[in-house]
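Work through the exercises below with the sequence and the coordinates at hand. Each task is followed by a solution in steps.

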There are 2 protein chains.
Amino acid sequence: MTRTPRTEDMPPRTEDRTRRTADLMPRTEDRPVTAIDARAHAWSPKTARARFRDGLAGPTAGVAAGHTQANLVAVPADWAYDMLLFCQRNPKPCPVLDVTDAGATSTVLADGADLRTDLPRYRVWRDGELVDEPADARAYWRADLVSFLLGCSFTFEWAPARAGVPIRHVEQGRNVPMYATGRACRSAGRLRGPMVVSMRPVPPEHLRAAIRESGLLPAVHGGPVHCGDPAALGIADLDRPDFGDPVALEDGDIPVFWACGVTPQAAVMASRPPVALTHAPGRMFLTDARDEQYRLVGID
Amino acid sequence: MTRTPRTEDMPPRTEDRTRRTADLMPRTEDRPVTAIDARAHAWSPKTARARFRDGLAGPTAGVAAGHTQANLVAVPADWAYDMLLFCQRNPKPCPVLDVTDAGATSTVLADGADLRTDLPRYRVWRDGELVDEPADARAYWRADLVSFLLGCSFTFEWAPARAGVPIRHVEQGRNVPMYATGRACRSAGRLRGPMVVSMRPVPPEHLRAAIRESGLLPAVHGGPVHCGDPAALGIADLDRPDFGDPVALEDGDIPVFWACGVTPQAAVMASRPPVALTHAPGRMFLTDARDEQYRLVGID
């Protein structure tokens, strides 16, 4: 089947979904960076960060290819232990790459970067409610914020792509679709929430390579959590993602689901810390790390 | 060369080692559990825990084969964030399998287990000094202790063993040798210290299998951190481990070093929290988890 994500084809919303996170937030309408500038895949991470600092604000799949992209969630120091424990207890959606000291605006992952300005777009949360989506977070920064940088599945797209696996959302110039699932994360202190997944359509003949190549990168979510029926994850309608854009499946494509670093945002929504600052879904932090650094060695 | 670890062969101590942790602690002289009872490899984890609760106190390599063994380090809640961050920043030596809530004596990893009694032997630390090595820790338990259970390299021995790799320390009826290296861990808050490694002699023809099979288990230290020259890790003399027993290399064996879950004990010694409770090196907590649960899938 060919699934075309045109609005007029969309069925009415299924009411039995436990979460309609999309209802709670505006959809940010930035075009993917690689659709705006075809050279973006060859940028250095430093160049990408400079462009984002200067205002470029779209989804970052394919940008500075081969470099590790990271999810951001920053919470007050009083919530940092709960967040770190939440990540430890849910390592598939929340693989921690770095945790800053309270108030720090830099990270060991990116030389000279400023976490307040160098992401394309941010989300600002108060008591679990989305209150702003700025391209610059300096007005919201606090001296007690501890920043968590988590692995992102954009990172592992290079590996299956190199093995010949088509990356449909990049082909279609869209953000990756993300869904809040019916699977609860293991809670930690005050933090709880559903696991969020990203979905990529994969032709059956490429399934093995997609599973293997992502599996070799456990620090950036690793292998998929599910292949096939979306209902098994409590996802009613692939055409209505909770975050990101719907993406068309081509004939025979199997929907493959990977744990997603937007999961802490769903936990922020469910658990309502007084303040949180995150990246906007799909608009990641570009680190200087190379994806190969996170690939398991000695396995081949 | 055949390396025999007889005392009279040992060279004098090299004074340029930065840490002589062995100087600071007694050597516990328990015989390995599998040397005391050859049936121990077939015990269930529940049986193993009951035997340890009843007083059996030796090293646990090979016990309840196929089940995951874990390092224990418990610190006051005030130190828990630093310890969790230390583990996150040093995932090779400190792969976290579970963190308990403060004061909890149970873990999701072992049904009905009591962390105060069910390990073979404990070490009790005050201000970084070893003060006791009891077989029962109830007298030292505190309501504010947060317990960290970390992956252990004993867990992955089954995989190379199944692939035909000889496990010399088991063959020789000894505890695995462990060494404090010259490599500093990344510090976290008040916690700092050297990386500790375990060493297994591996015949060259088995090297690839040993690297691959352990590499597929990143939650229990993963692949080795070094193969070959001990001096590259700042280890002056293989015959004088800082923890555990010396183990003889057979002709042609290559010393292979894996990051070790005793690393937090070295951090306790270097960083001096007021109180800490750990397992005694080599005397691990037997969980109900199966090693296969931690093995990456979809790679073969």
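**Exercise 1. The open sheet of chain A**

Task: State the strand order and the pairing sense of the open sheet of 4 strands in chain A, and identify its edge strands.

Solution. Step 1: in this predicted model, the strands of chain A follow the order β6-β7-β9-β8, and the pairing is antiparallel. Step 2: the edges are β6 (178–184) and β8 (226–227) of chain A, each of which pairs on one side only. Step 3: the antiparallel pairing of β6(A) with β7 (residues 194–202) of chain A runs over 4 bridges.

**Exercise 2. The open sheet of chain B**

Task: Give the strand order of the open sheet of 4 strands in chain B, and explain why one side of β6 and of β8 is left without a neighbour in the sheet.

Solution. Step 1: the order in chain B is β6-β7-β9-β8, with antiparallel pairing. Step 2: β6 (178–184) and β8 (226–227) of chain B are at the edges and have a single partner strand each, so one side of each lacks a neighbour in the sheet. Step 3: the partner of β6(B) in an antiparallel pair is β7 (residues 194–202) of chain B, joined through 4 bridges. Step 4: within this pair, A180(B) has V196(B) as its bridge partner in β7(B).

Step 1: A180(B) also has a contact through its backbone. The backbone nitrogen of A180(B) is reached by the side chain of D242(B) at 2.7 Å. D242(B) lies in the loop between β8 and β9 (254–259) of chain B. With a relative accessibility of 2%, D242(B) counts as buried, because the cut-off is under 20%.

**Exercise 3. The interface of chain A and chain B**

Task: Describe the contact between chain A and chain B by residues, buried area and polar pairs.

Solution. Step 1: chain A contributes 26 residues to the contact and chain B contributes 26 residues. Step 2: the size of an interface is often expressed as the accessible area lost when the parts come together. Here the area buried between the two chains is about 2000 Å², and carbon and sulfur atoms give 55% of it.

Step 1: count the pairs across the interface. There are 4 salt bridges between chain A and chain B. In one salt bridge, the side chains of D101(A) and R89(B) meet at 3.6 Å, N to O.

Step 2: assign the side of chain A that touches chain B to its elements. At least two residues each come from α3 (77–89), β2 (96–99), β5 (145–151) and α6 (207–215) of chain A. Of the elements, α3(A) gives the most, with 6 residues. By class, this side of chain A has 15 nonpolar, 4 polar and 7 charged residues.

**Exercise 4. Salt bridges**

Task: How many salt bridges does a search of the whole structure find over all chains? Then examine the pairs D114(A) with R116(A), D30(B) with R283(B), and D253(B) with R168(B).

Solution. Step 1: the search finds 42 salt bridges over all chains.

Step 1: D114(A) and R116(A) form a salt bridge through their side chains at 2.7 Å, N to O. D114(A), at 17% relative accessibility, counts as buried, whereas R116(A) is partly exposed, with a relative accessible area of 24%.

Step 2: in the salt bridge of D30(B) with R283(B), the closest N and O atoms are 2.9 Å apart. The pair links distant parts of the chain, 253 residues apart: D30(B) is in the segment before α1 of chain B, and R283(B) is in the loop between β10 (275–279) and β11 (285–290) of chain B. D30(B) and R283(B) are buried. The side chain of D30(B) also makes a polar contact with the side chain of R121(B) at 2.8 Å.

Step 3: D253(B) and R168(B) meet in a salt bridge at 2.7 Å, N to O. This pair also links distant parts of the chain, 85 residues apart, with D253(B) in the loop between β8 and β9 and R168(B) in helix α5 (residues 168–171) of chain B. Both residues, D253(B) and R168(B), are buried.

Step 4: in chain A, a network of salt bridges links R168(A), E171(A), E250(A) and D253(A).

Definitions and conventions. Residues numbered from 1 in each chain as written. Chains lettered and ligands numbered in written order. Predicted model: local features only at pLDDT ≥ 70, side-chain atom pairs only at ≥ 80, totals over all residues. Heavy atoms only, no water. Pairing = 2+ DSSP bridges. Contact = heavy atoms within 4.5 Å. Buried area = accessible area lost by both parts, 1.4 Å probe. Polar contact = N/O pair within 3.5 Å; in protein donor to acceptor, adjacent residues only side chain to side chain. Nonpolar A, V, L, I, M, F, W, Y, C, P; charged D, E, K, R; others polar. Buried < 20%, exposed > 50% of the residue type's maximum accessible area, 1.4 Å probe, protein only.
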